[in-house]
Amino acid sequence: MEADPRAATADDELLRRIARADAYRRFGPLVHTIALRSVGEHHDAEDITQQVFVALWRGRESLDASSGSLAGWLATVTRRRCADHHAIRARRTRDEQVFSREPARPAPDPSDATDRVLIADALEALGDPRATIIRMAILEDRRQEDIAHTLQLPLGTVKSHVRRGLMHLRSRLEEVTA
């Protein structure tokens, strides 16, 4: 008489469930305690505990009993999940601080418009390709190598145009503001 393959599969699944439940019953308090001490909040510790046992379940095929104890593996995974949790929390706090510090946009200053007109006029006086290079370097904040590649000019030529263009703009704006 042959064994029913469906019964064998059901038995294997039952054994896995029992093993998983035993692992949770046996090591769940250890994992939860490590997580709670690290993160300090019960709900976060529960989430980490769940993540650790999900990781155990997903990595069950690759676990090697000869490489260490299951408790050690669970403790290591718990510490890594706690480190991830702290990193996410720190990132979230930093983002909240950045967004809360962002000042409200001030009303436009009429002198800014005057400055823009002066700069636009000074750039026009430079002529091309120097004006284009200055716009790309200063207004678009592009690297000189990128500008040279885009305009198919030698890098030294771009650097010369930037230097001479800025010197010309400085002298032009000093004349206007003096």
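**View 1. His161 in helix 7 of a predicted model.** His161 counts as buried because its relative accessibility is 15%, where buried means under 20% relative accessible area, exposed over 50%, and partly exposed in between (1.4 Å probe, protein chains only). The residue belongs to helix 7, residues 155-177; helices (H or I, at least four residues) and strands (E, at least two) are DSSP runs numbered from the N terminus. Neighbours within four places in sequence aside, His161 is in contact with Pro129, Arg130, Ile133 and Ile134, contact meaning heavy atoms within 4.5 Å. The model is predicted, with local features needing pLDDT of at least 70, side-chain atom pairs counting only at pLDDT 80 or more, and totals for chains, interfaces and linings using all residues. Residues are numbered from 1 along each chain as its sequence is written, and side-chain values use heavy atoms, with hydrogens and water left out.

**View 2. Ile138 and a nonpolar surface patch.** Ile138 is found in helix 5, residues 130-139. This residue counts as partly exposed because its relative accessibility is 47%. Together with Leu139 and Leu166, Ile138 makes a nonpolar surface patch of about 290 Å². Patches are made of residues with over 30% relative accessible area and no salt bridge, like charges being joined within 9 Å and nonpolar side chains (Val, Leu, Ile, Met, Phe, Trp, Tyr) within 5 Å. A salt bridge is a side-chain nitrogen of Lys or Arg within 4 Å of a carboxyl oxygen of Asp or Glu. Accessible areas come from the Shrake-Rupley method with a 1.4 Å probe, and for residues only the protein chains shown count as cover.

**View 3. The largest nonpolar core.** A nonpolar core is a set of buried Ala, Val, Leu, Ile, Met, Phe, Trp, Tyr and Cys residues joined through side-chain atoms within 4.5 Å. The largest has 14 residues, of which Ile48, Val52, Phe53 and Leu74 touch the most other members. Helix 1 (5-39), helix 2 (42-58) and helix 3 (70-101) each supply at least two residues of this core. Helix 2 gives the largest share, six residues. Not counting residues up to four places away in sequence, Ile48 touches Ala35, Val39, Thr78, Arg81, Cys82 and His85. Another core, of seven residues, lies apart from the largest one and includes Ala137, Ile147, Ala148 and Val158.

**View 4. The chain around these sites.** The chain has seven helices and zero strands. Of its 178 residues, 21% count as buried. The chain exposes about 13,400 Å², and carbon and sulfur atoms supply 53% of that area.
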